[in-house]
Amino acid sequence: MKKSLALLVLAAFAGTAAAAEVVGNPKAAPAKIEMCIGCHGIPGYKSGFPEVYRVPMIGGQSAKYIESALKAYRKGERKNPSMMGIAASLSDQDIADVAAYYSQQTPATAKR
């Protein structure tokens with residue numbers, strides 16, 4: 001009985017720890033956004049690879065949206081070679097930090 005209870009408690013604890021959400025820290029992001037500002041920090045910027053398209057300004061965008069987009073690029077669910085390569089280099093914590101940082105910006109205050 002004690003062994004079963006101990007295993008049940010251990011399983012519950014492990015499930016809680018695994019389900020813990022990564023929390024973004026916007027103060028940790030400045031060292032991580034250098035690769036973002038080269039495109040997303042230029043008003044009206046258009047990329048020429050792999051095709052010409054308007055690069056969106058991400059300052060002020062929802063953190064959840066930015067996280068979702070970066071994870072989709074990392075998984076290959078969103079297709080853009082540049083973004084897929086960048087997202088592949090980011091950990092879940094990096095993504096959360098970058099998303100938290102940009103969600104606190106506005107297009108006028110985002111680093112350029």
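Biologist: How many residues does α3 have, and how far does α3 reach from its first C-alpha to its last?

Modeller: A helix can be read by setting its span beside the span expected for its number of residues. In this predicted model, α3 has 13 residues and reaches 18 Å from its first C-alpha to its last, which is close to the 18 Å expected at 1.5 Å a residue.

Biologist: Which residues of α3 are buried?

Modeller: A residue is called buried when its relative accessible area is under 20%, and exposed when that area is over 50%. In α3, the buried residues are Ile66, Ala69, Leu70, Ala72 and Tyr73. They cover an arc of only 160° around the axis, and therefore they lie on the same side of α3. On the other side of α3, Lys64 and Lys75 are exposed, while what covers the buried residues of α3 includes α4 and α5.

Biologist: What caps the N-terminal end of α3, and which residue takes a positive phi just after α3?

Modeller: The N-terminal end of α3 is capped by Ser62, which has a side-chain oxygen 3.2 Å from the backbone nitrogen of Lys64. Just after α3 comes Gly76, with a positive phi of about 85°.

Biologist: Before we leave this helix, where does Gly59 lie, and is Gly59 buried or exposed?

Modeller: Gly59 lies in the loop between β2, residues 53-54, and α3. Gly59 counts as buried because its relative accessibility is 11%, and the cut-off for buried is under 20%. Gly59 and Thr106 are 47 residues apart in sequence, yet their C-alpha atoms are 4.6 Å apart in space.

Biologist: How many helices and strands are there in the chain, and in what order do the elements run?

Modeller: The chain has five helices and two strands, and from the N terminus on its elements run α-α-β-β-α-α-α. Of the 112 residues in the chain, 28% are buried. Among contacts between residues at least 6 apart in sequence, 64% join residues at least 24 apart.

Biologist: How is an aromatic pair described, and how many does a search of the whole structure find?

Modeller: A pair of aromatic rings is described by the distance of the centres and the angle of the planes. A search of the whole structure finds one aromatic pair. The rings of Tyr101 and Tyr102 have their centres 5.2 Å apart and their planes at 90°, so the pair is edge-to-face. Both Tyr101 and Tyr102 are buried.

Biologist: Where does Asp97 lie, and with which side chain does the side chain of Asp97 make a polar contact?

Modeller: Asp97 lies in helix α5 and is buried, because its relative accessible area is 2%. The side chain of Asp97 makes a polar contact of 2.7 Å with the side chain of Gln93. Not counting residues up to four places away in sequence, Asp97 touches Val23, Gly24, Asn25, Pro26, Ala28, Ala29 and Lys32.

Biologist: Turning to the strands, where does Ser47 lie, and is Ser47 buried or exposed?

Modeller: Ser47 lies in strand β1, residues 46-47, and Ser47 counts as buried at 11% relative accessibility. Leaving aside neighbours within four places in sequence, Ser47 is in contact with Val52, Tyr53 and Val55.

Key
Residues numbered from 1 in each chain as written. Predicted model: local features only at pLDDT ≥ 70, side-chain atom pairs only at ≥ 80, totals over all residues. Heavy atoms only, no water. Helix = DSSP H or I, 4+ residues; strand = E, 2+ residues; numbered from the N terminus. Buried < 20%, exposed > 50% of the residue type's maximum accessible area, 1.4 Å probe, protein only. Polar contact = N/O pair within 3.5 Å; in protein donor to acceptor, adjacent residues only side chain to side chain. Contact = heavy atoms within 4.5 Å. Arc of directions from axis to C-beta. Phe/Tyr/Trp six-rings, centres within 6.5 Å; stacked < 30°, edge-to-face > 60°.
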